[in-house]
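User: I've got this chain open and I'd like to talk it through piece by piece. Can we go over it as questions and answers?

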Amino acid sequence: VIYSGVMGLIHGPQLQHLGLGLIIATSLALINLGLGLTLRSIGKRHHSVILIANGTHVLTDVWTTGAAVLGLTLVMVTGVSWVDPAVAIVLGTWIMISGITLVRQSFSGLMDKVNPTLMSRLTDLLHTTVREGLITEFHALRVRRLNDAILVEVHLRVPGTTSVTEAHVRATNVEEHIQRLFPAQRVHVTSHIEPHESHAHMTGIQID
């Protein structure tokens with residue numbers, strides 16, 4: 001798009017049948033606008049990068065068409081032909097920025113980049129369970145999002161004198177707290193129970 005715009009500025013755009021072109025372009029843009037917004041909405045709801053990317057791709061066609069309509073309209077109104085390729089250059093730059101943003105989001109997903117919002121909410125909740133006495137400490141907290149599911153792993157420490165049954169009840173209680181933290185999503189929690197005194201004796205440190 002940028003290349004075509006630059007060539008248009010150098011050699012001058014060849015514009016023909018502007019009225020018919022505007023009608024066809026506007027009609028197609030409205031159809032793609034509905035499709036693109038729907039795809040992005042569903043993608044965001046299910047945290048699907050591929051649906052968001054597909055919706056963005058369709059919307060890119062809309063913005064391209066919209067810019068063409070704007071450029072051609074300005075040419076028809078003002079009679080200044082270089083406006084059309086100038087608008088194309090601006091649009092091409094915007095498309096590049098959108099594409100780079102999508103690539104960065106996809107790369108973050110491949111690298112399991114920590115979601116700071118999810119981590120902060122989980123950490124606050126687990127600190128609350130410590131204050132309530134359900135557990136004594138926690139560590140090795142890991143969280144990742146897989147489409148519309150949230151996967152959580154955490155190590156929970158309880159007093160060494162706690163029975164296996166009681167420790168299981170406490171861990172289940174913590175897992176239910178985590179699941180209620182995200183009521184609108186599927187949450188899978190895997191917890192590992194450790195005796196508090198044994199770990200403190202071996203390491204001499206406390207890790208949250």
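Predicted model: local features only at pLDDT ≥ 70, side-chain atom pairs only at ≥ 80, totals over all residues.

User: Which element holds Ala 140, and what is its phi near?

Analyst: Ala 140 is found in strand S1. Most residues other than glycine have a negative phi. Ala 140 isn't a glycine, yet its phi is positive, near 55°.

User: Zooming out, in what order do the elements of the protein chain run from the N terminus on?

Analyst: The protein chain has seven helices and three strands. From the N terminus on, they run α-α-α-α-α-β-β-α-β-α.

User: What percentage of contacts between residues at least 6 apart in sequence join residues at least 24 apart?

Analyst: For some background on the chain, there are 208 residues, and 30% of them are buried. Taking the contacts between residues at least 6 apart in sequence, the share that joins residues at least 24 apart is 62%.

User: Which residues touch the most other members of the largest nonpolar core?

Analyst: In soluble globular proteins, nonpolar side chains tend to be buried together. Here the largest nonpolar core has 22 residues, and those touching the most other members are Leu 126, Val 152, Leu 156 and Ile 178.

User: Is Arg 157 buried or exposed?

Analyst: Arg 157 lies in strand S2 (residues 149-158). Buried means under 20% relative accessible area. Arg 157 comes in at 1%, so Arg 157 is buried.

User: Which side chain does the side chain of Arg 157 make a polar contact with?

Analyst: The cut-off for a polar contact is a pair of N or O atoms within 3.5 Å. The side chain of Arg 157 has its polar contact at 2.3 Å, and the partner is the side chain of Glu 137.

User: How far apart are the C-alpha atoms of Phe 138 and Arg 157?

Analyst: Phe 138 sits in strand S1, and at 2% relative accessibility Phe 138 counts as buried. Phe 138 and Arg 157 are 19 residues apart along the chain, and the separation of their C-alpha atoms is 5.9 Å.

User: What lies 2.8 Å from a polar atom of the side chain of His 177?

Analyst: His 177 is found in helix H6. Leaving aside neighbours within four places in sequence, His 177 is in contact with Leu 125, Thr 129, Glu 132 and Leu 134. At 2.8 Å from a polar atom of the His 177 side chain is the backbone oxygen of Asn 173.

User: Which residues does Val 87 touch, not counting those up to four places away in sequence?

Analyst: Val 87 is found in helix H4, and its relative accessible area is 18%, so Val 87 is buried. The C-alpha atoms of Val 87 and Gly 71 are separated by 6.1 Å, with the two residues 16 apart along the chain. Setting aside residues up to four places away, Val 87 touches Ala 67 and Gly 71.

User: Last topic: which element supplies the largest share of the lining of the second largest pocket?

Analyst: About 170 Å³ of space lies in that pocket, and the lining has 13 residues, with Val 1, Ser 4, Asp 84, Pro 85 and Ala 88 nearest the centre. By class, the lining of the second largest pocket has eight nonpolar, four polar and one charged residues. Helix H1 (2-11), helix H3 (49-78) and helix H4 (83-110) each supply at least two lining residues. The largest share, five residues, comes from H4.

Note on methods
Residues numbered from 1 in each chain as written. Heavy atoms only, no water. 1 Å grid on protein atoms, 1.4 Å probe; cavity = no way out; pocket = protein on both sides within 12 Å on 5 of 7 lines; lining within 4 Å. Points joined across faces, edges and corners; volume = space filled by probe spheres on them. Helix = DSSP H or I, 4+ residues; strand = E, 2+ residues; numbered from the N terminus. Nonpolar A, V, L, I, M, F, W, Y, C, P; charged D, E, K, R; others polar. Buried < 20%, exposed > 50% of the residue type's maximum accessible area, 1.4 Å probe, protein only. Polar contact = N/O pair within 3.5 Å; in protein donor to acceptor, adjacent residues only side chain to side chain. Core = buried A, V, L, I, M, F, W, Y, C linked by side-chain atoms within 4.5 Å. Contact = heavy atoms within 4.5 Å.
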